[in-house]
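Let's take a walk through this structure together.

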Amino acid sequence: MTVDVKVPSAGESITEVFIARWHKKPGDSISKDEVLVEIETDKASMEIPAPCSGQVSETLLEEGDAAAVGDVIARILEGEVAETAPAAPTESAGSSTPAAAGHVMPAAARILAERGVDAATVKGTGPGGRVLKEDALAHNGANTSPAAATKALSPLAALGSREVEIVPMSPIRRRIAERLVSAQQNAALLTTFNEIDMTKVMKLRKEFKEEFIEKHGVKLGFMSFFVKATIEALKAVPALNAQVDGTNMKFFNYYDIGIAVGGGKGLVVPVVRNAETLGFAAVEKTIGDLARRARDNKISIQELQGGTFTISNGGVYGSLLSTPILNPPQSGILGLHAIKERPVGVDGEIVLRPMMNVALTYDHRIVDGREAVTFLIAVKQAVENPTRILLEV
């Protein structure tokens with residue numbers, strides 16, 4: 001009996017996925033619950049297991065193709081999985097690395113050809129064993145021909161080629177691009193700025209650094225201060241914790257704070273649920289766990305959905321000032337930036353202080369400029385005087 005493999009539901013609001021990688025090809029045997037294919041959404045990747053044991057009779061889409069939830073993407077001829085003995089190696093077989101099957105990326109192939117290296121001798125580290133540009137550059141050159149070695153050492157070769165390499169955007173990168181453009185087209189975006197003196201927070205972190213780690217097993221970072229300060233500011237300006245819903249406005253009485261992080265395949269925004277109920281240590285642990293799994297592509301679809309507001313920390317990359325883009329359908333995103341010592345006026349004197357620029361991008365359809373400024377001032381006051389966070393004033 002032939003069993004259809006369909007695209008499962010990937011969560012609310014997700015109707016389309018992309019084929020990222022087939023783990024099996026037609027003719028391959030497969031066991032029940034063994035991974036057949038990996039798919040991607042605009043938020044994360046997920047694996048689809050085989051619904052039965054048997055033989056893959058056909059795959060209906062290529063890697064990179066789009067599919068809708070419920071579409072049939074493969075068929076399995078149900079039956080017992082045959083045990084296949086590995087083929088004995090022969091002298092003419094050469095290397096058993098995936099490169100021997102022709103899985104060599106164009107840039108890598110060019111480099112190997114210039115060096116006179118047999119691609120079958122290079123072990124690939126890319127998806128499916130593909131030989132990447134980095135693999136070609138890292139190869140020790142043991143199989144390089146004398147002519148190629150001479151060419152590599154020539155002054156003209158050192159200048160490099162003027163070739164243009166065309167690399168397709170990954171499915172998740174395409175969806176990120178589509179969503180960012182959609183956010184700008186479908187909302188009235190406006191950004192306002194302020195600056196925050198980080199002196200007291202930095203002093204507090206230094207004073208309790210060791211005790212915090214000893215008691216909670218996690219470092220006291222800046223993000224917990226900003227998450228807690230943001231929640232207090234959102235309580236003062238509810239419109240920034242709301243969404244436009246047709247001709248209505250949807251207000252949330254809880255605070256699910258999205259934290260933008262660079263995932264293994266692009267920017268993702270895992271959500272800290274009910275952040276208003278968490279203490280500093282719980283916030284730090286949750287953010288650390290989500291960010292770590294996002295970078296390893298092990299974050300679940302559910303953990304990326306339903307945020308009511310987002311914080312993006314470009315400061316970790318050295319950004320001094322930027323205008324963050326909304327994460328639809330949210331109405332606000334707070335951008336944090338690098339801390340730099342700057343001369344500022346304090347009590348009539350010019351002193352050096354560790355200052356951070358902050359930016360709030362908001363949907364002007366639901367949030368007025370006065371409310372945006374009020375929000376940033378509330379965040380500024382809370383961070384510059386951390387006691388306010390504890391007292392909720």
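Start in the largest nonpolar core, which has 54 residues; among its members, Ile257 and Phe375 touch the most others. Keep in mind that you're looking at a predicted model. Which elements supply this core with at least two residues each? On the helix side, they are H6 (199-216), H7 (222-236), H8 (280-295) and H9 (369-384). Strands E12 (257-263), E15, E16 and E17 (349-363) each supply at least two residues as well. H7 gives the largest share, with eight residues. As background, nonpolar side chains in soluble globular proteins tend to be buried together.

Leucine 321 sits in the loop that runs between strand E15 (309-313) and strand E16 (332-346). Is leucine 321 buried or exposed? Its relative accessibility is 52%, so it counts as exposed, the cut-off being over 50%. Together with Phe193 and Leu320, Leu321 forms a nonpolar patch on the surface, and the three share about 280 Å² of accessible area.

Now hop over to an open sheet of four strands, lined up in the order E5-E4-E2-E7 with antiparallel pairing. At its edges you'll find strand E5 (45-49) and strand E7 (66-68), each pairing on one side only. Going from one strand to the next, the twist averages 40°. Zoom in on the antiparallel pair of strand E2 (residues 16-22) and strand E4 (residues 35-40): four bridges join them. For example, phenylalanine 18 has glutamate 40 in E4 as its bridge partner.

Terms used: Residues numbered from 1 in each chain as written. Predicted model: local features only at pLDDT ≥ 70, side-chain atom pairs only at ≥ 80, totals over all residues. Heavy atoms only, no water. Patch = residues over 30% accessible without salt bridge, like charges linked within 9 Å, V, L, I, M, F, W, Y side chains within 5 Å. Areas by Shrake-Rupley, 256 points an atom, 1.4 Å probe, with all protein chains shown as cover. Salt bridge = Lys/Arg side-chain N within 4 Å of Asp/Glu carboxyl O. Buried < 20%, exposed > 50% of the residue type's maximum accessible area, 1.4 Å probe, protein only. Pairing = 2+ DSSP bridges. Axes fitted to C-alpha atoms, helices over the stretch in contact; angles between N-to-C directions. Core = buried A, V, L, I, M, F, W, Y, C linked by side-chain atoms within 4.5 Å.
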